[in-house]
Structure formats: structure tokens, C-alpha cells
Amino acid sequence: MDLGVRWKLHGDGRTPAPGAVVRPDERLSWPRTVGLGAQHVVAMFGASFVAPVLMGLDPNLAIMMSGVATVIFLLATKGRVPSYLGCSLSFVGVAAVIRAQGGTSATVTGAVFVVGVVLFLVGVAVQRFGARIIHAAMPPIVTGAVVMLIGFNLAPVTASVYWPQDQWTALLVMLFTGLAVVCLRGFWSRVAIFLGLLFGYGISWLFDRVFGKIHSVDGGGHMSDHWRLDLSGVGKADWIGLPTFHGPSFQWSAILVALPVVIALVAENAGHVKAVGEMTGSNLDDKLGTAISADGIGSMLSTAVGGPPNTTYSENIGVMAATRVYSTAAYWCAAGFALLFGLCPKFGAIVAAIPGGVLGGITVILYGMIGLLGAQIWTRSRVDLSNPLNLVPAAAGIIIGIGNVTLKFTDTFSLSGIALGTLVVITGYHALRALAPAHLKTQEPLLDEGTSSYDEDADGQPGKP
């Protein structure tokens, strides 16, 4: 049985020829492959350890389970789809909403576990019927609106939780991170969030030495005098040890808040599989359903032990584009590094010490970028927002999501924010499309530009389910 764990040596294993591509089933020499694996770890670190901190989960466990999920993904796709599965930022807003409703970490992971189950089932359906069913139910106008409201729903978290802890540090970190994203080139621009965190650590340490303690709200929301950067927990932490595990807890209200993120995860997986296929020159259409299912399994396993959900990472796709090395051997090395980091509690203590002001500066950009990915989907798919059939459901859903509008059914059940906004976008679009006059229903392609070949045979003819 071919599991994609055998690689041919590319050339002499040292330096690829100009313009040459190291394919997924090839590798360079092992020292170089290990080095590439380390580079993939650095690329995913920025988002993969910020996300669990923002979700209130153990970053050590998040890093460890990202390695486990990556191994599952590589085995499931038999080494044909080089990709790293890191902690998904799409769930940060979900976690904030669930905790605001009194939910615990177990409630968060329980809700996200169900999302993993649904994602797995979507992958199975895609394997059976093809990607056409995804784009028929969720055309670009719907997908873009849902991604947008998920990102912008996070704005109050930055404004009320992180930024007030140290506004000047937050401002400087925001400016530095923005400059890093725009002005740096190649690999360094891919890790701009990580560089922003390092800059924030340095500025917080410097301000503590120059100005002393700050009088502001702390991480618990209480006004007090405290150090911006408190590393006391790092010295007490062990070098080697297991992360903190906990089981999930299931509540319908939390599950309903989390379910809309399935749309974002499906869109991410589809885009990433297509991007990898184009870069490697391989037709990976037959692996889309497998990739989605593997992502679901990885998220289920992670959340079952108290970790965050995972998704394929564009940061690592960027590293491949820069190096032209698509060897899955490098991803196996990256997964190994992640497992080792997960067994180092001292690393987790360093992550947990990230000052609130630093997170404030990072999240201003990060949350906005998540939201604007929705606009990017619209632009690439040439969505016509002058058409009221597109405009009305998207506008209503986005305002509901951003404003956290609540629809109360009973004393114990209500829908709000992300969940209600997503429901309005999806049901509103399809209901209005059924009732709209013919001139508004100009047929849009069921598959957007980035996935236009998923259901085509090699000769370009529509494939069979």
C-alpha cells in the first residue's frame, strides 16, 4: 500500500537546477530536507501559536496536534498534496462568542469537534459527487460574505480586550507589523506576524525598564499596576513535559455558533488544493474530497483532547512557491519538529506571556485581513454587487455578524452574530434567487475561477459524479 513515504533523490540532492521543481515524491539530501522542514515550522508559527492563545487554549497542545494533523493529512492524501495543517484562525471569533456566553474551554473544543465531524462528512460527499455540490450550495457571494462576517465579528475583541491593556505598545506593534507585511520580501513577508510578536516582546520589555509598571486593565479585565511583559512563569516551567489535555463538552448554543466556519474551511481547502496543483503541475482534483476529510479528522482528533481545530496553511504554500521545493518529506520533518515543541512546557510559558498590548496591535491587522479575504473571494470571482440578488443577503448577513445582532426564540435559545449572519446569507440568497425575476438570475458558474477544473475530465469535458 502506497502511503507516500518513499521519496526519490532529486538530482544530486543538493541544489536543484535553475527552474527545476522538486516534486512531492522527491527530496533533497536529508540535512537540506530537515532544514526546509524547520523553515515550514517558522512559517506556520506566527498564526499557529497566536490562534490558541486568542482562543484561550494550550499553545503547546496546539503545536503538537498540528504535527499530528499534518501526518494524518499526508497519509490520507498519500503524499500527493504537500501541505501543513496549523491552528485555524477562523475559529477565534467563535471561541470569543462562546466564552462571552459563559462557555469554558471544553465548550469551545466540543463545538469545534462537531465542526470537524461536519467537515469530514463534506469531504466524503465531495469524494462521491464532486466539488460541484459545494459551489451550488455556496456560490462565491455566499462564501465571501460568511468569511467577511467571521473576520469582522472579531473587531470588538481587539477594541475592548487587547488594545486597552497597552494602547501605545499596540499602536507601535500595529505599525511595525504593517510595514513588515508590505515592505519585506519573500519568506520574511510570510512570517510578518511572527516578527511583529518578537518586536512586541522587545518593546514591552524596553517600556517596562524605562517607564516601570503600567496602570491599565490586565488580562483578567481588572484595573491594576502590572508589568507589560511578565516572564515569571517561564522560569518555573519544565523543559520537558506533556501539554494540558481536557475532554470536550457539547452545548447546542455553542455548536450553532461554530458551524458556519465549515464554509470557510471548505473554501480554504479547495483553494489550497488548487494552488498546490497549479504549482506542482499535477491534477489534484481527485484529492479534494480526501483533503477536506483529512482536515476534518485532524480537527476532530485535536479537539477531542483539548486542542484547537486545524486547516491547511497558506503560509507554507508561500514557502513552497518561494523555494520551488514541494517535497512532502519536508512536511514530515516539520511535523516532527512540531511534536517536539509540544513537549516543551517552557515554550508554552513563553507564548502565554505575550503582552495584551502586543496582541492588540497584531489582531487589528490579523482580524481585518481575515475579514477582507471575503472581499478577495468576491473580486476573484467577479461577483456583481450591483445586483440586488447578491447585495441584499450579503449586506444583511454582514451587518448581523459584525453588530452581533441577536434573534431570541425562547429564554434558553437564541441565534446571534456569526451563526445568525451566516444563516441569513445562505437562506436569504437561495430564497431570493427562487423568487427573483429572470433578469436578476443571470447564471453564474457553479465553480469559481480558482476551482474551475474540479469536475472536468482530462479532455476538459464535464466529469461524471
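**Close-up 1. Ile365 in helix α18.** Ile365 sits in helix α18, which spans residues 356–380; helices here are DSSP runs of H or I with at least four residues, strands are runs of E with at least two, and both are numbered from the N terminus. This is a predicted model, in which local features need pLDDT of at least 70 and side-chain atom pairs count only at pLDDT 80 or more, while totals for chains, interfaces and linings use all residues. Residues are numbered from 1 along each chain as its sequence is written, and side-chain values use heavy atoms, with hydrogens and water left out. With a relative accessible area of 17%, Ile365 is buried (buried means under 20%, exposed over 50% and partly exposed in between, with a 1.4 Å probe and protein chains only). Beyond its neighbours within four places in sequence, Ile365 is in contact with Met174, Thr177 and Gly178, where contact means heavy atoms within 4.5 Å. The C-alpha atoms of Ile365 and Met174 are 6.9 Å apart, although 191 residues separate the two in sequence.

**Close-up 2. Aromatic pairs.** The structure holds 4 aromatic pairs; rings of Phe, Tyr and Trp (its six-membered ring) pair if their centres lie within 6.5 Å, and planes under 30 degrees apart count as stacked, over 60 as edge-to-face and the rest as tilted. One of them joins Phe113 and Phe250 edge-to-face, at 6.0 Å centre to centre and 70° between the planes. Phe113 belongs to helix α4 (residues 105–129) and Phe250 to the loop between α11 (232–236) and α12 (252–258), so this pair ties together parts 137 residues apart in sequence. Phe250 is partly exposed, at 47% relative accessibility. Look next at Phe176 and Phe199: their ring centres are 4.3 Å apart and their planes meet at 5°, so this pair is stacked. Phe176 is partly exposed at 30% relative accessible area, and Phe199 is partly exposed at 25%.

**Close-up 3. Lys346 and the ring of Trp239.** The charged end of Lys346 sits over the Trp239 ring, 5.0 Å from its centre. For this label, NZ of Lys or CZ of Arg must be within 6 Å of the ring centre and within 35 degrees of the ring normal.

**Close-up 4. The largest cavity.** The structure holds 1 cavity of 30 Å³ or more, and the largest cavity has about 40 Å³ of space. A cavity is a set of points on a 1 Å grid over the protein atoms alone where a 1.4 Å probe fits but cannot get out, and lining residues have an atom within 4 Å of a point. Its lining is made up of Phe73, Val81, Ser83, Asn269, His272, Val273, Val276 and Thr312. Helix α13 (residues 261–280) gives the most to this lining, with 4 residues.

**Close-up 5. Thr311 in strand β6.** Thr311 is part of strand β6 (residues 310–312) and is buried, with a relative accessible area of 3%. Leaving out residues up to four places away in sequence, Thr311 touches Tyr84, Leu85, Gly86, Ser88, Leu265, Glu268, Asn269 and Asp295.

**Close-up 6. Lys78 and Gly4.** Lys78 is found in the loop between α2 (59–76) and β3 (85–87), and at 38% relative accessibility Lys78 is partly exposed. Lys78 and Gly4 are 74 residues apart in sequence, with 4.5 Å from C-alpha to C-alpha.

Methods: 1 Å grid on protein atoms, 1.4 Å probe; cavity = no way out; pocket = protein on both sides within 12 Å on 5 of 7 lines; lining within 4 Å. Points joined across faces, edges and corners; volume = space filled by probe spheres on them.
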